[in-house]
Number of protein chains: 2
Amino acid sequence: MPTFRELWDGIAPIGRGANGYLRYALTEPELVLRDWFRNQAARRDMPVTDDGNGNLFAWWGDPWAHDAVLTGSHFDSVPHGGAYDGPLGIVSGFLAVDRLREQGYAPTKPIAIVAFVDEEGGRFGLPCLGSRLLTGAIEPERAAALRDVDGVTFGEALGDLPAGLLPGLDRRISALVELHIEQGRALAVPVGVASAIWPHGRWRFDFTGHGDHAGTTKMSDRRDPMLTYAYTVLAANKEARLAGAHATMARVEVEPNATNAIPSVVRSWLDARAEDNATLSAVVDAVVKRATERAGRDGTELTVTPESQSPEVDFDTSLADRLADLLGGVPILPTSAGHDAGVLSAHVPTAMLFVRNPTGISHSPAEHADEQDCLSGIDALAKVLRDLT
Amino acid sequence: MPTFRELWDGIAPIGRGANGYLRYALTEPELVLRDWFRNQAARRDMPVTDDGNGNLFAWWGDPWAHDAVLTGSHFDSVPHGGAYDGPLGIVSGFLAVDRLREQGYAPTKPIAIVAFVDEEGGRFGLPCLGSRLLTGAIEPERAAALRDVDGVTFGEALGDLPAGLLPGLDRRISALVELHIEQGRALAVPVGVASAIWPHGRWRFDFTGHGDHAGTTKMSDRRDPMLTYAYTVLAANKEARLAGAHATMARVEVEPNATNAIPSVVRSWLDARAEDNATLSAVVDAVVKRATERAGRDGTELTVTPESQSPEVDFDTSLADRLADLLGGVPILPTSAGHDAGVLSAHVPTAMLFVRNPTGISHSPAEHADEQDCLSGIDALAKVLRDLT
């Protein structure tokens with residue numbers, strides 16, 4: 001059986017550039033990773049099924065017999081992302097199966113390793129697209145119409161209208177365990193168990209002003225939407241700090257984006273997260289209020305459009321407690337990152353295992369977990385799969 | 001002879017999109033406009049010469065005989081720019097020649113209509129590239145190495161190393177008159193004469209931080225360069241207002257520019273202009289100082305690189321006075337926009353005619369001059385060319 005290092009080094013070059021990974025859903029690097037997934041499954045005599053939504057499943061046992069236990073994650077990355085966010089969960093899944101087989105273990109329920117499509121929303125803009133489709137959280141027609149930056153729709157990339165909700169979801173799946181690199185410098189031991197996912201969302205801010213010559217237009221004649229945007233960036237940061245929440249405006253599109261032209265439009269996205277829904281709403285409301293007031297002073301206009309909102313996820317408490325005990329009393333901790341496991345948790349008992357991230361850095365080429373901690377994660381995952389089946 | 005409306009409507013569709021003009025130097029639309037230039041010259045039996053720098057000249061009289069009088073402007077636009085900035089000066093040049101010929105006028109000096117290359121710097125980043133080359137203000141090797149966003153160099157686009165300084169420039173050219181749409185809502189009558197161009201420049205600001213997950217990274221752990229950028233946008237605006245100058249940060253590039261990833265790098269350009277060099281330096285110094293202080297607080301780093309600096313231009317005062325008198329006492333006014341005429345003014349007597357712009361809007365699809373004012377501009381230009389030859 002291959003070692004972690006062998007599998008990991010095998011996929012490391014795929015989609016890696018000078019400045020991190022570009023593994024967008026259903027683009028060349030991610031398609032190569034999907035081929036790798038099929039090859040790994042074939043080597044283990046695990047049949048692969050596709051749910052018609054772009055999610056792949058490699059089966060130890062009878063595909064979609066009742067009460068399957070799922071593990072896995074996603075291959076896609078954010079733009080210029082790291083190696084671990086997503087792929088670690090899939091690689092660990094295959095290696096946990098290897099370990100159980102070496103032990104001569106015979107599961108009483110089917111085990112499937114899953115690769116969800118476009119978890120980051122890096123290509124089609126909506127995070128957890130595959131798990132949302134699988135659970136019926138988004139209509140197939142709406143998902144099919146989502147476009148990437150080149151205008152290609154998800155339906156075109158998939159080659160079909162997505163299948164949507166998996167019939168008999170809650171009978172077919174008895175549990176999902178997603179293993180993932182930890183992302184908040186919140187885990188001081190190799191492995192932990194998730195308690196909850198903070199509620200979070202994305203809001204699009206369209207700041208509209210008056211395109212004009214940057215050299216000649218008097219300051220008092222300007223309606224510069226970049227000013228309103230800049231003020232909003234700082235306001236979002238301040239409001240989040242005051243509330244103990246997280247808020248970021250990290251993506252911006254400017255028209256025309258020329259050195260000597262006052263923009264006509266600045267578009268940005270607020271990513272906001274908080275411990276509970278009330279805090280999140282309060283932060284977003286405060287940012288919108290302050291941005292709107294500033295727009296009034298700048299002579300610009302602001303439209304805010306919620307693009308995705310994920311309510312608070314509390315993972316199955318008894319399952320989390322049981323797994324933490326099983327693993328020798330490891331910590332149970334919340335996360336502010338969204339995950340496919342969060343989407344599934346509304347339908348089936350769901351848990352997450354976190355692997356320590358010494359710097360906390362994620363969504364960056366510097367994202368890293370030590371090999372020894374990854375091996376501990378695989379051990380833990382094998383124990384958990386054994387316990388659940 | 002064609003009317004203004006006929007010529008104007010003939011070029012209006014070239015490079016026009018749903019959201020303004022994209023007429024970048026030596027790209028398809030600008031090459032079509034160059035063909036149009038050659039055709040207009042041919043119809044008037046005006047031979048066309050090229051100075052080896054990408055600048056075109058249509059001659060009434062002997063090309064490069066001594067003491068030529070030049071008029072003209074440029075075809076290229078800023079991204080999503082307007083119809084008038086540049087092309088109005090070239091179209092008016094041809095129509096002024098038509099008018100003088102109808103009058104049976106025989107100039108004693110050669111008259112040339114010139115189309116300068118990449119005045120806006122919209123493609124290769126350095127404004128007034130053609131006039132800088134012609135006057136030796138930039139080395140041909142450095143100009144040849146400038147790259148557009150696709151990595152194509154100016155040398156490749158031109159098909160050769162630029163020729164650089166025109167030998168005998170000050171003997172060959174006795175005067176240049178550039179007609180241009182006014183851009184600051186500063187002209188209440190159809191036509192005016194330029195007194196000066198404010199000193200101005202572009203400075204690149206590279207804000208470097210720490211790429212990380214926007215959802216999970218604690219606010220206190222962040223080194224977010226977008227915050228430093230946002231603060232600098234507002235600081236530049238404030239410093240310019242206090243000094244009676246103009247400052248704008250209208251172009252921004254973000255890595256990775258993803259909704260859920262704190263940027264590792266934010267890059268922007270400061271466009272700053274002021275009435276005199278001392279004020280300009282004071283504004284830029286103040287912006288850099290405040291940005292650097294903020295970078296210290298944000299845990300980010302800032303590098304500032306001057307990309308182009310144009311000193312104050314005082315157009316030939318006696319020429320301006322004479323032309324204003326000739327045109328019946330029209331106003332003499334400064335501008336804060338750079339022009340090829342400003343670059344030439346260091347070498348030959350140079351003047352500019354401005355045509356009224358009722359809203360002052362420029363570098364925008366909404367840029368506009370009334371037809372009647374354009375006709376007044378052509379009349380004025382014909383009078384001026386007659387006076388100078």
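On one side of helix H10(A), Thr317(A), Ser318(A) and Asp325(A) are exposed, exposed meaning over 50% relative accessible area and buried under 20%, with a 1.4 Å probe and protein chains only. The model is predicted, with local features requiring pLDDT of at least 70 and side-chain atom pairs pLDDT 80 or more, whereas totals for chains, interfaces and linings use all residues. Residues are numbered from 1 along each chain as its sequence is written, chains are lettered from A in the order in which they are written, and side-chain values use heavy atoms, without hydrogens and water.

H10 of chain A spans residues 317-326, and its buried residues are Leu319(A), Ala320(A), Leu323(A) and Ala324(A). Seen down the axis of H10(A), these buried residues fall within an arc of 130°, and therefore line one face of the helix; the arc is taken from the directions from the helix axis to the C-beta atoms. An α-helix has 3.6 residues a turn, so residues three or four places apart point the same way. The cover over the buried residues of H10(A) includes strands S8 (191-197), S16 (332-335) and S17 (350-355) and helix H12 (371-388) of chain A. Just after H10(A), Gly328(A) has a positive phi of about 90°.

In chain B, the axes of helices H3 (residues 87-102) and H12 (residues 371-388) come within 8 Å and cross at roughly 60°. That angle makes H3(B) oblique to H12(B), and the crossing is right-handed.

How values were computed
Axes fitted to C-alpha atoms, helices over the stretch in contact; angles between N-to-C directions. Helix = DSSP H or I, 4+ residues; strand = E, 2+ residues; numbered from the N terminus. Parallel < 35°, antiparallel > 145°, perpendicular 65-115°, else oblique. Left-handed = near helix turned anticlockwise from the far one by under 90°. Contact = heavy atoms within 4.5 Å.
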